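Let me put the thing on the screen, and then I'll talk you through it.

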Amino acid sequence: MSPILAVAISVTLMLYAIAMVFGLMRLVRGPSAQDRVLALDFMYVVGMLVMLVLAIRFESSMYFEGALLMVLFGFVGSVAMAKFLLRGEAIE
Amino acid sequence: MTANLWAEVVIAALLLLSGGLVLLAAMGLWRLPDFFARMHAPALASTLAAWSVTLAFIVYFSVREGSLALHAWLIIIVLAITAPVTAMVLARVGLFRQRRAGVALPPPLSSPLSRSPDRRP
């Protein structure tokens, strides 16, 4: 791995970390419950992107399955929480 | 190994682009004034940032293994299906809860239907 790619991966992971801190601030601070669900969904997406970058960093394609699972569970979790906020129950 | 070097430059550019876009989305999520404005920001992360990271993944593993590694495309497909559904359900949650809290919002478009007797009020 050339130093260009190594530096780019480090910078990208740092930017993702800063973005996750902003998402966490919105999650803690968020004035309404839907803001918190939105922030959690955003953090799931950023975590998935971190998994993909780590796949390039550690040269292992196994992280791809983790990223795919993260997308699916993030979707299910966000929709379940949104349904709970909408009706007061997750499964009708 | 000039081909590898060029591939790594492309991968680095795609990764930095996605990092900048995700940071922009997070700034939007933090700075924008109300919920419906805030809903727009994370779409940057789940569309263009995810596209560029997935393209970087595909380029990296295609160059490394010598064959086209297109399976990462699944993530784009799954995100393209799930992100609009999440956004729509969250928008309905925002409308429902803000209306119930008494915030002045535009009236629902389906109000003549929802007044029919066989529906829940």
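So, to start: what percentage of the 92 residues of chain A count as buried? The answer is 43%. Keep in mind that this is a predicted model, so everything I say is computed from it.

Let's stay with chain A for a moment. You've got three helices and zero strands there, and from the N terminus the order is simply α-α-α. Now look at the overall dimensions. The C-alpha trace spans about 55 × 25 × 10 Å along its principal axes. The radius of gyration of chain A is 16 Å, whereas a compact globule of 92 residues would come out near 12 Å. As for contacts inside chain A, take those with a separation of 6 or more: 43% of them are between residues 24 or more positions apart.

Okay, on to the two chains together. Here 42 residues of chain A are in contact with 47 residues of chain B. On the chain B side, the elements giving two or more residues are α1 (2–31), α2 (35–38), α3 (42–65) and α4 (73–100). The largest share comes from α1(B), with 17 residues. And what's that side made of, by class? It has 34 nonpolar residues, nine polar and four charged.

The largest nonpolar core has 61 residues, and the ones touching the most other members are Val46(A), Leu49(A), Leu52(A), Val22(B), Ala25(B) and Ala45(B). At least two residues each come from α1 (3–29), α2 (33–57) and α3 (63–87) of chain A, and likewise from α1, α3 and α4 of chain B. The top contributor is α2(A), which gives 16 residues.

Last one: Leu68(A), which you'll find in helix α3 of chain A. Why does Leu68(A) count as partly exposed? Because Leu68(A) has 18 C-beta neighbours inside 10 Å, and buried would take 20 or more. Back within chain A, the C-alpha atoms of Leu68(A) and Met48(A) are 7.7 Å apart, with the two residues 20 apart along the chain.

That's my bit. Over to you.

How values were computed: Residues are numbered from 1 along each chain as its sequence is written. Chains are lettered from A and ligands numbered from 1 in the order in which they are written. This is a predicted model: local features need pLDDT of at least 70, side-chain atom pairs count only at pLDDT 80 or more; totals for chains, interfaces and linings use all residues. Two residues are in contact if their C-beta atoms, placed from the backbone, lie within 7 Å. Helices (H or I, at least four residues) and strands (E, at least two) are DSSP runs, numbered from the N terminus. Ala, Val, Leu, Ile, Met, Phe, Trp, Tyr, Cys and Pro count as nonpolar, Asp, Glu, Lys and Arg as charged, and the others, Gly among them, as polar. The radius of gyration is taken over C-alpha atoms; the globule rule is 2.2 Å times the number of residues to the power 0.38. A residue is buried if 20 or more other C-beta atoms lie within 10 Å of its own, exposed if 12 or fewer, and partly exposed in between; C-beta atoms are placed from the backbone. A nonpolar core is a set of buried Ala, Val, Leu, Ile, Met, Phe, Trp, Tyr and Cys residues joined through C-beta atoms within 7 Å.
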